[in-house]
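These are my notes from a first reading of the structure. I set down each item as I looked it up.

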Amino acid sequence: MSQTTIKTHFREIEGRSPLYLALLGGLLVLVGLGLLAAFMKGTYGHHITGMNNQVVWGLPHIFAILLIVAASGALNAASFASVFGRVVYKPLARVSALLAMTLLIGGLVILVLDLGRPDRLIVAMTHYNFKSIFAWNIFLYTGFLAIVAVYLWFMMEKRMNRYVPVAGYAAFLWRLILTTGTGSIFGFLVAREAYDAAILAPLFIAMSFSLGMAVFILVTLASFLGTGRPLGDLVLRRMKNLLGIFVAGVLYFVLVYHLTNLYATRLHGIEAFVLLHGGIYTFLFWFVQILIGSLIPLLLLFHPVWSQSRKVIAAASGLVLVGGFAQLYVIVVGGQAYPLELFPGYDMSSAFFDGVVAGYTPSLVEWMLGIGGTGFAFLLFAIALKFLRFLPTSLADDKVDPHAAGVSTATRPATAGA
Amino acid sequence: MSNESSAKLSRRQFITGAAAAVAGLTVAPGVFLLKPADAASPNSDKPRWGLLIDTSKCADGCTACVRACHEENGVRSLGRPKTDAQWIRKVNLTDQASGHEHSLPVMCQHCEHPPCVDVCPTKASFIRPDGIVLVDKHTCIGCRYCMMACPYKARSFIHEPLTDQKPHAPRGKGTVESCTLCVHKVDRGDGTTACAEACNRDGHGAMVFGDLNDPDSEISQRLKQYGSTAIRADLRLNPGVRYQGI
Ligand code: SF4
Ligand code: SF4
Ligand code: SF4
């Protein structure tokens, strides 16, 4: 399936403006903070973090999962262009693939640096337990990077253009499997009531669509604005509508998750914990995830007047990310903080925090590591824009939609948009 | 050139393909956790080591087993309860219906189908043919996925540098550890564990160590006569540590 469209021109960004250099400088500082955090952890051990023997995965994992899930979703634009034949997104396909790769790398860097023994990375790459979803994920992640790299190459190398749809399909399929794998890391932990649910896989897929779209909208706005390239309303309006649909999709899965849990009596404890009396987790769920991160963005994105404004669209995207962060916090930390039930029907206590909600306060080191990895993802992205032709010179409305001018795609002269 | 129909077709083909792949992924890992968990099969010629804990004999407030274990294996508190390692802990239970109180030790249950081993990406968590579940400290990368997966909260992560270890119980910063069923004692033929020894020494006799596969062993005899409970039996992990009186 090949789509003929008006020719889009891509050009590297100049990368000499004070704004760009300031951006690079800022990102480098963030990366430096992350490295410092990793160094401190390596030297003193994990006791300088808030993580403990009850909450073993904390803030770094939330950052990492957010980036990994968003990476898969950042591929949305490319997928819609190559897989679903949406020509509007075609000019954005390259940036979308690039962002997908850099976000994933950022997330993986955080995960690796948070290992108790990051120095044993080579062990992780040479000893595989094929029963472990974690080991599968190592292949899913590296496979994703490889497929998207090939996909990008096909897009950027004229002679390979005709294989773009094939690579697009492969990448799309792979990203679904990848997010399923990420969700399954939790979905198959039978030990913990919050996790033992197959619905976590589709929930993570839905989250990847919405979080990835939100990041992509923000990055698109920033890079066009920052480089002074025209960005029409057409593509932006489509993206914000899609974001709204994805946010609603996540809400739907969240609803199904909690309703099915409420149906099972044995899960009433964890449900009451998250929904009613879990303190910070209940607050994050209702106030941040649902209200700030879902309902308000939905209102902003679909309001007939407000949604015309780019600032509003950007704000909504930002809120979706804040909501996603809260959602992952509730899933990852909340799921561990809720005590394991070893003896149903008994109240339990011990010197090892049995039967009580585990305490966890993220430390500065964890924030530094998470922010450092995020900074690294965007640093790679910003540098890549300078050296290769990822960014279209214009996304003005008549340049993205061949139908806007009423001319058929096939007859449109190839030089249009130059 | 119109691509509408071909786009639709491909989309449908594509979605079915994706669904199949996704289904394969989501079902497969579960299968491993649902392997038939037979009870220990007596009469097998291989030993399967286990512990039987009689909670009616386990004294409230006694922590002899905990102290003995940590002494035997060089586990020391660093004064930070949340990150200190605990190989064995005393758990106090109060029956919500009757108010009846129990106290009992919980350690790694040496599951026959250990989730910690299933999830460990590097095979650092492994189960020996005699049923003892261990962590290879040389291949553990400190991902803590096994801790997420263990239903008994049996494992500890070492959060900071350690000094002063016992040669038979290697430990290390950034790796995960748990009760080894005193594998060094088992392998040299002591026929007991430090916790069970201490419990006997203090006159409680609440812990029996032995071979679950040997029908003549004390542990098998007692299991046969009185039956036992596995913690979280619903998960069908067939733990090697069994309880009486709960
Ligand atoms: S109790 Fe936990 S650590 Fe021990 S074998 Fe079972 S799952 Fe593994
Ligand atoms: S922490 Fe070590 S033993 Fe546990 S799953 Fe990870 S690598 Fe395996
Ligand atoms: S069997 Fe050994 S290692 Fe395990 S709890 Fe008892 S004393 Fe500790």
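**Entry 1: a side chain in chain B.** I began with Gln165(B), whose side chain reaches the backbone nitrogen of Arg171(B) at 2.7 Å. I note at the outset that the model is a predicted one. Leaving aside residues up to four places away in sequence, I found that Gln165(B) touches Pro170(B) and Arg171(B). I then located Gln165(B) in the loop between β6 (156-157) and β7 (176-177) of chain B.

**Entry 2: the ligands.** I next listed the surroundings of each ligand.

Around ligand 1 I found residues of chain B, including Cys108(B), Cys111(B), Cys116(B) and Cys150(B). His110(B), Tyr152(B) and Arg155(B) are also among them.

For ligand 2 I recorded 13 surrounding residues, the closest being Cys120(B), Cys140(B), Cys143(B), Arg144(B) and Cys146(B). The shell of ligand 2 divides into nine nonpolar, three polar and one charged.

Ligand 3 has Cys69(B), Cys179(B), Cys182(B) and Cys195(B) among its surrounding residues, along with others including Asn73(B), Trp87(B) and Thr193(B). I noted that α2 (64-73) and α6 (194-201) of chain B are the elements that give two or more residues to this shell. How many charged residues does the shell around ligand 3 have? I counted no charged residues there, against nine nonpolar and three polar.

Entry 3: Rolling a probe the size of a water molecule over the atoms shows where empty space is left. My search gave 13 cavities of 30 Å³ or more. The largest cavity has a volume of about 160 Å³.

Which residues lie nearest the centre of the largest cavity? I wrote down Tyr257(A), His258(A), Val274(A), Val330(A) and Ile331(A), out of 14 lining residues. In chain A, α9 (233-263), α10 (268-277), α11 (280-302) and α12 (310-337) each supply at least two residues of this lining. α12(A) gives the most, with four residues. By class, I recorded the lining of the largest cavity as nine nonpolar, four polar and one charged residues.

Note on methods:
Residues are numbered from 1 along each chain as its sequence is written. Chains are lettered from A and ligands numbered from 1 in the order in which they are written. This is a predicted model: local features need pLDDT of at least 70, side-chain atom pairs count only at pLDDT 80 or more; totals for chains, interfaces and linings use all residues. Side-chain values use heavy atoms; hydrogens and water are left out. On a 1 Å grid over the protein atoms alone, a cavity is a set of points where a 1.4 Å probe fits but cannot get out, and a pocket is an open set with protein on both sides within 12 Å along at least five of seven lines; lining residues have an atom within 4 Å of a point. Grid points are joined across faces, edges and corners, and a volume is the space filled by probe spheres set on the points. Ala, Val, Leu, Ile, Met, Phe, Trp, Tyr, Cys and Pro count as nonpolar, Asp, Glu, Lys and Arg as charged, and the others, Gly among them, as polar. Contact means heavy atoms within 4.5 Å. A polar contact is a pair of N or O atoms within 3.5 Å; within protein, one must be able to donate a hydrogen and the other to accept it, and residues adjacent in sequence count only if both atoms are side-chain atoms. A residue is near a molecule or strand if one of its heavy atoms lies within 4 Å of it.
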